[in-house]
Amino acid sequence: VIVLETDQAIEQLDRLLSEVGLLLGEPPLSTVQLAPPAPDRTWAVVVQDQLTDLRTNALGLSELERADVFHTDPSLATRRAVLINGIAKVSTFVDIRLAPCLRELHSALLAAGMQSSVERVDALLQELDHTRLGLAPGRGVGAERVAAAVRGIGLLRTLSVPGVSQVLVDFEADFRATRNQIARMSTYKGLHDQLHHLQFDYFNFLDAHVGRMRASMQPTDEDYEFVSSYADRIREEVVERSREIAEGSALRPIEIAWIDELERICRTLGEGAGQHDLSPLARGLVGMDHLIGTRSEALNRWLIAIARLLPLDALEHALERVIELVGGTNDELPTLQTSLGALEEVHTGLDRLVDAHDTWQDVDRELRDIAAALLYDPSSVAQRWPEQNVRVLQLSAECTEEWAAKLMGVDAPRLQQLLKDSTADAPRVARAFRDYRTHAAKGFYNLDRALLEACTELGGLDAPLKDLLGHIQSTTMPMPA
Amino acid sequence: MLDYAESSRAEAQQLAEAIAELDGVLARSPGAEAEGMRKRATAALVELRASLEDLNNVEKADIFGVDPSLATRRHVLLRLVEQSKVTFEQDILPALRDLARSSLQQSRQNPPDHVDTSELPDSAGEEAPPEGWSVDRVLDSAERFIGDGDRVVGLVPKVLSIVHALGMLASLVPA
């Protein structure tokens with residue numbers, strides 16, 4: 001049996017959904033109040049539906065592989081694309097809906113003091129981070145650490161120790177800045193998720209479908225109607241939702257201009273489909289592809305710039321000063337100390353993620369340059385790759401994901417061997433380099449996702465900071481004459 | 001690519017057989033809870049068998065799985081089979097496990113009178129001890145099966161472990 005990466009992804013998703021479904025169905029957890037995923041549907045039911053969809057699509061794909069081993073039957077191509085799309089939708093559900101739900105559940109369980117359930121959700125969140133994102137243990141921010149930090153920040157407004165109120169006033173501007181930046185990060189993350197949704201739930205499928213229409217002699221009416229209905233759904237589900245996210249967020253017009261652009265592309269696709277004209281469809285999809293690539297990168301860039309400037313050190317200083325004032329006899333001291341420790345770990349984790357992201361981005365740019373230079377200068381790999389390889393191996397060293405195992409165990413040694421071999425021809429080197437780059441790109445992608453997840457986790461700091469600012473305002477407001 | 005189709009179909013077939021066995025055990029188990037569980041298990045069995053039967057008919061008509069006119073029907077039936085399996089795995093199996101645990105606990109607290117050896121399940125692979133079955137031995141054996149149900153991998157082995165545990169418990173005659 002040849003196990004492909006797709007199989008591993010399906011197995012991971014299956015295991016995760018099964019465990020979450022069982023957990024959500026257990027009596028103690030079914031009492032925890034979570035915002036329902038849809039009217040009249042519980043999370044347990046939705047997770048079971050997703051698990052059923054995943055297994056049905058994997059099963060259908062497996063049957064199709066048996067019927068068309070060499071993927072040469074064009075009549076089965078659409079069916080294959082639909083099934084792959086079905087699996088991608090489950091994967092998107094896990095990234096965009098289930099992960100935040102688990103974090104919400106984690107906070108609710110912590111608040112309810114259900115420690116054994118908290119540990120199980122912790123384990124699931126870690127599995128999500130380590131298997132879906134390929135993070136080495138200890139990397140990332142960690143929902144449990146944010147929750148511990150939140151407990152201490154929440155305590156600050158309840159302390160009646162002399163001097164604490166003044167400390168809070170001194171740091172008011174930092175608390176406000178942190179809230180503003182977290183809100184901005186959350187908006188960028190929300191918009192980035194919409195582009196992810198657009199790519200994996202619509203664009204990939206639509207692109208393959210229009211590609212087949214162009215290859216066929218006579219596309220059918222149904223083919224065009226299909227494109228038109230997809231354009232409508234993108235407008236309803238991505239354009240409208242993105243507008244809701246951006247509303248009131250004070251983003252600059254340049255940061256959200258793509259939403260209007262996407263709507264124009266949808267109109268182009270709809271009109272092309274209505275006129276049974278393939279040219280606007282092809283043009284629209286090229287535009288959509290460009291938009292997804294450039295806007296995702298830009299949103300990422302802005303998000304990282306904000307993450308780097310997040311004033312977590314100010315929050316740490318505020319906690320340190322309060323701990324000094326509180327003294328050793330106060331019952332709340334252990335909570336405050338744990339909270340400070342957790343906040344420092346969150347800070348370190350975020351810095352590490354941002355640094356690793358910077359390095360990956362630089363490496364990715366170098367590898368892209370080498371790939372472009374390969375076309376006219378085959379020696380560029382031998383000259384420039386070894387230096388980048390050292391950086392890539394350092395970045396992948398602690399990772400246990402399949403891409404890292406292949407990169408370290410197969411791709412890098414093979415490329416090194418080929419570069420030493422004077423008889424190796426250029427196409428072989430180019431193929432080996434392409435495989436290497438594909439797996440390195442997967443590492444960069446996973447780190448990107450990890451940073452986005454970290455932004456969601458940091459969102460947990462917002463609520464206690466909001467309460468704290470409300471408390472500072474109420475205590476410093478001048479008394480009416 | 002792993003052959004999900006073959007392993008999943010075989011699992012569905014084995015699950016249907018395990019549920020049929022479970023139905024027989026629950027019919028001998030006392031209490032309203034067992035009766036309610038039997039109804040749920042029977043409903044799941046009917047759905048699973050009907051979908052498997054329909055799927056077999058589709059496959060007879062389209063051996064290579066390439067007929068586009070049957071593709072949607074095949075997909076819907078595959079989904080129904082998978083849905084039955086997921087429902088069993090996520091809803092019914094945890095409830096069965098709870099039922100087995102509570103029956104065991106109850107029998108430990110209020111020891112039954114004796115063991116009706118004619119009711120002991122022969123499919124459980126439990127050899128009769130040389131000194132014969134006693135209430136304590138049956139309870140120990142049931143406890144071991146419940147523990148196995150937590151440890152073993154795969155839906156069918158988990159169900160069978162619980163079926164065997166419930167079968168052992170059903171052979172106990174109350175005082």
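**Close-up views of salt bridges in a predicted model**

**View 1. A:Asp260 and A:Arg243 form a salt bridge, with their closest N and O atoms 2.9 Å apart.** Here a salt bridge is a side-chain nitrogen of Lys or Arg within 4 Å of a carboxyl oxygen of Asp or Glu. This pair links distant parts of the chain, 17 residues apart: A:Asp260 sits in helix H10 (residues 253-274) of chain A and A:Arg243 in helix H9 (residues 221-246) of chain A. Helices are DSSP runs (H or I, at least four residues), numbered from the N terminus. A:Asp260 is partly exposed at 39% relative accessible area, and A:Arg243 is partly exposed at 27%. As a guide, buried means under 20% relative accessible area, exposed means over 50%, and partly exposed is in between (1.4 Å probe, protein chains only). This is a predicted model, in which local features need pLDDT of at least 70 and side-chain atom pairs count only at pLDDT 80 or more, while totals for chains, interfaces and linings use all residues. Residues are numbered from 1 along each chain as its sequence is written, chains are lettered from A and ligands numbered from 1 in the order in which they are written, and side-chain values use heavy atoms, with hydrogens and water left out.

**View 2. A:Asp362 meets A:Arg391 in a salt bridge (2.8 Å, N to O).** A:Asp362 belongs to helix H13 (residues 333-374) of chain A and A:Arg391 to helix H14 (residues 380-396) of chain A, so the pair ties together parts 29 residues apart in sequence. Both partners are partly exposed: A:Asp362 has 24% relative accessibility, and A:Arg391 has a relative accessible area of 22%.

**View 3. A network of salt bridges that share partners joins A:Glu63, B:Glu59, B:Asp62 and B:Arg74.** Side chains of opposite charge can pair when their charged atoms come close. Across the whole structure, a search finds 38 salt bridges over all chains.

**View 4. A salt bridge joins the side chains of A:Arg55 and B:Glu89 (3.0 Å, N to O).** This pair crosses between chains, from helix H3 (residues 43-67) of chain A, which holds A:Arg55, to helix H3 (residues 68-109) of chain B, which holds B:Glu89. A:Arg55 is buried at 15% relative accessible area, and B:Glu89 is buried at 14%.

**View 5. Chain B has a mean pLDDT of 87, with 93% of its residues at 70 or more.** That score is the predictor's confidence in each residue, from 0 to 100. Within chain B, confidence is lowest in helix H1 (residues 4-28), at a mean of 85, and highest in helix H5 (residues 155-170), at 92. The model scores ipTM 0.83 and pTM 0.62.

How values were computed. Helices (H or I, at least four residues) and strands (E, at least two) are DSSP runs, numbered from the N terminus.
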